[in-house]
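Open the model in your viewer and keep the selection tool at hand. The tour goes from one selection to the next and says what is found at each stop.

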Amino acid sequence: MEQRDLLRKIPKMDDIWTKIEAKEELKEFNESMAKNELRDVLQNLRTDILQGHADTFNEMRLLDDSIVNEVLFQCQKLASMQLRKVINGTGVVLHTNLGRAPLGDYVKDALWDIAKGYSNLEMDLDTGKRGSRYSHMKELLLKLTGAEDAIVVNNNAGAVLLTLSAITKGKEVIISRGELVEIGGSFRVPEVMEQSGATLVEVGATNKTHLRDYEKAITPETGALLKVHQSNFKIMGFTQEANMEELVKLAEKNDLPMINDLGSGLFLSLQPFGFPPEPTVQEAVAAGCDVVTFSGDKLLGGAQAGIIAGKKKWIQQIAKHPLTRALRVDKLTLCALEATLKLYLNPEEALVKIPALRMMTEKPDALEVRAEQLIYMLKPALLNNKTLSLSVVTETSQVGGGAYPTVQLESRLIRFEGEPQAVTKLERFLRQHQPAIIGRIQDNGYMLDLRTLFEDDFETIVKAIEGWTKLSAV
Ligand SMILES: *Cc1c(COP(=O)(O)O)cnc(C)c1O
C-alpha cells in the first residue's frame, strides 16, 4: 500500500479513545496517562510509516483493536515495576547482570526502618552536632580489617578512581603489565588512571613481573605503587608477580604509598572449603598496604559499595577530596552494608547467614537433597506433559562477579529434556514469567542450578511449570 494511504488509515484519536474508555481495564490506570500513551502509539505508527518501507509495514497494527491493546499494554507496563525480582537458576552466585550478591533476612527490618523515616545519617546523637555518614560502620570496619581508618563510597570502581585522584594526581603510578585489567562495564585500569590525572608506568611483562622491575621504575615523579587483583582471569604457566609484602617494603623504603585494589573484598578464607588461596582484606592490611579498596557486593556479600581502608594519613586525604562527595553512598546502602558486616563478627554465622557465602560453600550432598525435593514437587506438574522429562544432573557452577574465575564448583541441577524447540520455548516462557526464572540451555536440555535457587522460590517454579504444561497442552 502507498505511504499516504497507510497514513490515512491511522484512526482518529477521539474515535479510538471512546473504545479505550469502554474498557474495564482502564479503571486501573490514570486517564491522562492513558491518553498520553494513545498519543504516543499513534505518533509511533505515523513515524514508522514515514520512516519505514511502506510495503513491509504490518497493516494489522492499524486495526482499532490492535491500537487499543497496545495502549492498555503500555499503560500496564508503566504502572508495573520494571526493576523486578528474578529467580537465578544459572548457578552463578555473584551474577553481575542479576544484581550480584543477594542480601539475607537480617537486612529486612533495619533497611525498612531507615528507609521509611529519618535517621542519624549525619548527626552525632551524643553531642547533637553534625556527624559523618561514614562514621556508623567505621568502628566495625576497623575491627574487622585491622585498618586505621576507612571510608565507603558508591562502588569499587569509584573507590579506585577516588584513591588515585586524591593521592597520585599529577604523579606516576607504577603497576605490573599483568594487572592492567578490564573489569567489565568499561572499567579499565589504564583509563581509570588517566581519568584520575595520574600517569601510568607499566613494568614487567604480561606473565612475569619482578620486584626489581618496580624498583627500576621509581623516580622522583613516582606517586605510588599500585597492585590490582586480576579478578576475572588467570595467567597460568610461566608466571611471576611481586608479592604484597615485598611491594610494601619497597614502597616504605622509598616513602611511597602502596595501593592495593583487591576487587572482591574477601573477609574470611575460603580455603577450608576447597577454594584456592586469595588474599583477604585483613591479610592485605596486615601486610602493610597503605590503602586497600574492594567491593561491597562481591565476595563480601553485601550491598553495592566501594570500601577504602588503610592508613589514617591517606584515608583522611581521600575523605577531603571533592570526588568523595560525588561518589557518596546513600543511607540504604550504608544500612544494608552495616547489617552484613556485623555478621562477620562471628565468622561461623557469616558463613551460614550471608547468602553469597552460604551458596558458595554449599556441599554437593546438600544440593542433591534440594534437587530431589524440587523434582518431587515438580512431578505432578509434569504428569501430563509428554514434551519434557526431568532428572537431576551433576554440573558445575561458578562464583561470578570476577571472583575465582577458574573455580568450578560441583553442583546439582535439575534438567528438563525434550525436543530442541520445546527446550528453547521453555527457556523463553520462564524468562518472561513473573517473576522471571533464568536457567541455562545445554545439549538440548534446560537446567536450573540448585546452588543459586532459594527454597522459598520452589513453589513459584512449580506454578510456572504448571503454567507451561497447560500452555503446551493446547
Ligand atoms: C570488580 C572490581 C572492580 C570494580 O568494582 P565495582 O564494585 O564493580 O565497581 C575494580 N577492581 C577490581 C580488581 C575488581 O575486581
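## Stop 1: a strand and a loop

Select Gly263, which lies in strand β6 (residues 258-263). Helices and strands here are DSSP runs, numbered from the N terminus: helices are H or I with at least four residues, strands are E with at least two. This is a predicted model, in which local features need pLDDT of at least 70 and side-chain atom pairs count only at pLDDT 80 or more, while totals for chains, interfaces and linings use all residues. Residues are numbered from 1 along each chain as its sequence is written, and side-chain values use heavy atoms, with hydrogens and water left out.

Is Gly263 buried or exposed? Gly263 has 5% relative accessibility, so it counts as buried. The term buried means under 20% relative accessible area, exposed means over 50%, and partly exposed is in between, with a 1.4 Å probe and protein chains only.

Now show what surrounds Gly263. Leaving aside neighbours within four places in sequence, Gly263 is in contact with Asn156, His229, Ser231, Thr293, Phe294, Ser295 and Lys298. Contact means heavy atoms within 4.5 Å.

Ser231 sits in the loop between β5 (222-228) and α10 (244-253). Its phi is near 55°, a positive value in a residue other than glycine. Ser231 is buried, because its relative accessible area is 5%.

## Stop 2: the whole protein

Zoom out. The protein has 19 helices and 13 strands, and its C-alpha atoms fill a box of roughly 80 × 55 × 50 Å, taken along the principal axes. Of the 474 residues, 47% are buried. Among contacts between residues at least 6 apart in sequence, 74% join residues at least 24 apart.

Colour by domain next. The assignment gives domain 1 (3-78), domain 2 (86-94 + 361-473) and domain 3 (105-353); these bounds come from an automatic or database domain assignment. How far apart are the C-alpha centres of domain 1 and domain 3? They lie 52 Å apart.

## Stop 3: helix α14

Select residues 331-343, which form helix α14. This helix has 13 residues and reaches 19 Å from its first C-alpha to its last, close to the 18 Å expected at 1.5 Å a residue. The expected span is 1.5 Å times one less than the number of residues.

Which residues of α14 are buried? They are Thr333, Leu334, Cys335, Ala336, Leu337, Ala339, Thr340, Leu341 and Leu343. The elements that cover them include α5 (108-116), α6 (138-145), β2 (149-153), β8 (306-310) and α15 (347-353).

## Stop 4: pairs of helices

Two packed helices are described by the angle between their axes and the distance between the axes. Axes are lines fitted to C-alpha atoms, for helices over the stretch in contact, and angles run from 0 to 180 degrees between N-to-C directions.

Select α3 (residues 31-51) and α4 (residues 64-79), which pack at an angle of about 125° with their axes 9 Å apart. That makes α3 oblique to α4. Angles under 35 degrees count as roughly parallel, over 145 as roughly antiparallel, 65 to 115 as roughly perpendicular, and the rest as oblique. Among the residues making the contact are Met33, Leu38 and Leu45 of α3 and Ile67, Val71 and Leu78 of α4.

Move to α17 (residues 364-382) and α19, which pack at about 30° with their axes 9 Å apart. That makes α17 roughly parallel to α19. The contact residues include Leu374 and Leu378 of α17, and Ile461 and Ile465 of α19.

## Stop 5: two loops

Select Pro435, in the loop between α18 and β11 (436-438). The peptide bond from Gln434 to Pro435 is cis, with omega near -5°.

Finish at Asp443, in the loop between β12 (440-442) and β13 (445-449). Asp443 has a positive phi of about 45° although it is not a glycine. At 61% relative accessibility, Asp443 counts as exposed.
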